[in-house]
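Subject: Structure handover

Dear colleague,

Please find the structure below. My notes on it come after.

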Amino acid sequence: MKTINIQKLVRKNISELRPHISFRDNNTFENPFLMDANESPFGEFNRYPDSTHKNLREKISAFKNISANQIAIGNGSDELIDLIIKIFCEPKKDSVLVMNPSFAMYGFYAAINENKVLQLNLNDDFEIVKEDFLENIKENQPKILFLCSPNNPTGNSIEDIEFYIQNFDGIVVVDEAYIEFSEQKSSLELINEYPNLIVLQTFSKAWGLAGARVGIAYSSLEITNLIYTVKSPFNVNVLSQNLVLEKLDQIEDFKSNLNKILKERDWLRNQFLDVACISKVFPTDANFFLIEFKHAEKVYSTLIENEILTSKRFPQIPDCIRLNVGNRNENETLINALKSI
Ligand SMILES: *Cc1c(COP(=O)(O)O)cnc(C)c1O
């Protein structure tokens, strides 16, 4: 196990904070009268949500075989990204290191917090160049390293990810928003080896619950405690907590939908072979494709004329568009529109 002093990495004002815990969420009474929070005694949703997400964390704990106190729940993983930056990065002083291209939200929240964003440019296979990485961390001493695997928007998994975790003495965040679609191993099993590692997963993609806004951080107990110290007390609403609890009882549905998406992904990949305007389909471990087109601008606007919205990745990734796997009707319509170009 790596020895690293997490407290030394925490912003001073944060390490002096104590968690905001209401007595209500920590008592052992069966059915106490609730006259402590100025709620209405009437209505179906009159009570504040559990600020500790106790039931949800225990359910996820059993599902993933990870201790419940190493699980933190956020209002989407977006909130967790924001909180992690707030916990560890001193505004105007600390920097974060991100892969380029990768998910834009790391830079977005760092910028709001006035932290510098350092870019690690990926090579032509969208892999990190190890020498660049070692040089960058030595020179700039970033506080947080954001790895995304499978990476958005490129679709590939990062090779030899433990190398980067091993060699970084700040906080390492591995964002696994698309891990369910991938055959690669999750970094989850590394959290007990590296106390500075945070693995992010989400109910927004494979679980089909983007509208519920529920994300998960797996980490050392020390980091989980910090997240529960700084988060807004009622960050995940009652409806969303209950909905996820329900979905975790319907694993067969989840698996069946996941399999359908994976089948559609194969179907699309095959269809792309017959589309003339495509010049390259990048390999993907996620539920989307990054595709290079002969005339990306024209393709993008033609798809819009057909009321098909895709994600414009050019000019940052030359001639590339990202699009996700839909249902068969959506996928067929897409292929027909592309063939008409
Ligand atoms: C979609 C996505 C997320 C999910 O964010 P939520 O806030 O949980 O919806 C996180 N990271 C990456 C890389 C994503 O693409």
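Predicted model: local features only at pLDDT ≥ 70, side-chain atom pairs only at ≥ 80, totals over all residues.

Residues are numbered from 1 along each chain as its sequence is written, and side-chain values use heavy atoms, with hydrogens and water left out.

Overall

The protein has 12 helices and 11 strands; these are DSSP runs numbered from the N terminus, helices being H or I of at least four residues and strands E of at least two. The C-alpha trace spans about 65 × 55 × 35 Å along the principal axes. Of the 341 residues, 52% are buried, meaning under 20% relative accessible area with a 1.4 Å probe, protein chains only (exposed is over 50%, partly exposed in between). Among contacts (heavy atoms within 4.5 Å) with a separation of 6 or more, 69% are between residues 24 or more positions apart.

The seven-stranded sheet

Seven strands make an open, mixed sheet in the order β1-β7-β6-β5-β4-β2-β3; two strands pair if DSSP finds at least two bridges between them. β1 (71-74) and β3 (116-121) are at the edges with a single partner strand each, so one side of each has no neighbour in the sheet. From one strand to the next the twist averages 25 degrees. β6 (residues 197-202) and β7 (residues 215-218) run antiparallel and are joined by four bridges; Val199 has Tyr218 in β7 as its bridge partner. Helix α8 (residues 221-230) packs on this sheet, touching β1, β5, β6 and β7, and its direction makes about 30 degrees with that of β1. Angles run from 0 to 180 degrees between N-to-C directions, with axes fitted to C-alpha atoms, for helices over the stretch in contact. Helix α5 (residues 105-112) lies across β2 (95-100), β3, β4 (144-148) and β5 (171-175), at about 155 degrees to β4.

The four-stranded sheet

The order here is β8-β9-β11-β10, in an open sheet with antiparallel pairing. β8 (278-281) and β10 are the edge strands, each pairing on one side only. Three bridges join β8 to β9, and Lys280 has Glu292 in β9 as its bridge partner. α10 lies across β8, β9 and β11 (320-324), running at about 10 degrees to β9.

Side chains

There are 14 aromatic pairs, counted when ring centres of Phe, Tyr and Trp (its six-membered ring) lie within 6.5 Å; planes under 30 degrees apart are stacked, over 60 edge-to-face, the rest tilted. Phe272 and Phe289 form an edge-to-face pair, 5.1 Å centre to centre with 90 degrees between the planes. Phe272 is in helix α10 (residues 251-272) and Phe289 in strand β9 (residues 288-293), 17 residues apart; both are buried. Phe63, Phe203, Trp207 and Phe254 form one aromatic cluster.

The charged end of Arg328 sits over the ring of Trp267, 4.3 Å from its centre, and that of Arg322 over the ring of Phe288, at 5.7 Å. The criterion is NZ of Lys or CZ of Arg within 6 Å of the ring centre and within 35 degrees of the ring normal.

Thr310, in the loop between α11 (296-305) and β10 (311-312), is buried at a relative accessible area of 12%. Not counting residues up to four places away in sequence, Thr310 touches Tyr300, Leu303, Ile321, Arg322 and Leu323.

Regards
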